[in-house]
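Let's read this structure together, one feature at a time. Have the sequence and the 3D view open as we go.

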Amino acid sequence: QVQLVESGGGLVQAGASLRLSCVASPRGFIPYTMGWFRQAPGKGREFVAAITRSGGRTDYADSVKGRFTISGGNVENTVSLQMNSLKPEDTAVYYCVARASAIAGYDYWGQGTQVTVSS
């Protein structure tokens, strides 16, 4: 059974940085794409960023471009999200996601990690 486990959330002030990490298991599961979604209070889930394993292609939501950087870990089933210049509107539960192929949906979700940015 595939599991995604996030770490690195917390409470910071506006302008600070945080780094989120995610590990997929079992180790034999090598996702085609890994990424992050988030859900703010009272809002739906929104795409944040993703990285495609084969070519290292990255995609970002316009709201985080230039501030967030997604990267694959040294191990193929890991992903990190470096978040700089955080804003109060970045406050949300951040979910690690993965899909097994280019035509699959994001079928695998982590439990989520809370990121709170105070003004």
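## Reading the fold, feature by feature

Q: How much of the protein chain counts as buried?

A: Of its 119 residues, 39% count as buried. Keep in mind that this is a predicted model.

Q: How many helices and strands does the protein chain have?

A: There are 0 helices and 11 strands. Reading from the N terminus, the order is simply β-β-β-β-β-β-β-β-β-β-β. The radius of gyration is 13 Å, close to the 14 Å that the globule rule gives for 119 residues, so the chain is as compact as a globular protein of that length. Along the principal axes, the C-alpha atoms fill a box of roughly 40 × 25 × 25 Å.

Q: Which share of the contacts joins residues at least 24 apart?

A: Take the contacts between residues at least 6 apart in sequence: 54% of them join residues at least 24 apart.

Q: What does the surface look like in terms of area and charge?

A: The protein chain exposes about 6,200 Å², and carbon and sulfur atoms supply 48% of that area. As for charge, there are 11 positive and 8 negative side chains, with the centres of the two sets 2 Å apart.

Q: How many disulfides does a search of the whole structure find, and where?

A: First the general idea: a disulfide is a covalent bond between the sulfur atoms of two cysteines. In this model the search finds 1 disulfide. Its partners are Cys22 and Cys96, whose sulfur atoms are 2.0 Å apart. The pair links distant parts of the chain: Cys22 belongs to strand E3 (residues 18-25) and Cys96 to strand E9 (residues 92-99), 74 residues apart.

Q: Is the link of Cys22 and Cys96 left-handed or right-handed?

A: Look along the S-S bond: the angle about it is -85 degrees, and the link of Cys22 and Cys96 is left-handed. Both cysteines, Cys22 and Cys96, are buried.

Q: Which backbone features deserve a look at Pro26 and Ser85?

A: As background, most residues other than glycine have a negative phi, and most peptide bonds are trans. Here, a cis peptide bond joins Ser25 and Pro26, with omega about 5 degrees. You will find Pro26 in the loop between E3 and strand E4 (33-39). Ser85 has a positive phi of about 50 degrees, although it is not a glycine. Ser85 sits in the loop between E8 and E9 and is partly exposed, with a relative accessible area of 41%.

Q: Is Thr78 buried or exposed, and why?

A: Buried means under 20% relative accessible area. Thr78 has a relative accessible area of 16%, so it is buried. Thr78 is in strand E8 (residues 78-83). From Thr78 to Ser25 there are 53 residues in sequence, while their C-alpha atoms are 9.3 Å apart in space.

Q: Where does Gln3 lie, and which residues does Gln3 touch?

A: Gln3 lies in strand E1 (residues 3-7). Not counting residues up to four places away in sequence, Gln3 touches Val23, Ala24 and Ser25. One of these, Val23, is 20 residues from Gln3 in sequence and 8.2 Å away in space, C-alpha to C-alpha. With 45% relative accessibility, Gln3 counts as partly exposed.

Key. Residues numbered from 1 in each chain as written. Predicted model: local features only at pLDDT ≥ 70, side-chain atom pairs only at ≥ 80, totals over all residues. Heavy atoms only, no water. Helix = DSSP H or I, 4+ residues; strand = E, 2+ residues; numbered from the N terminus. Rg over C-alpha atoms; globule rule 2.2 N^0.38 Å. Buried < 20%, exposed > 50% of the residue type's maximum accessible area, 1.4 Å probe, protein only. Contact = heavy atoms within 4.5 Å. Areas by Shrake-Rupley, 256 points an atom, 1.4 Å probe, with all protein chains shown as cover. Lys, Arg positive; Asp, Glu negative; His and termini not counted. Charge placed at Lys NZ, Arg CZ, Asp CG, Glu CD. Disulfide = S-S within 2.5 Å.
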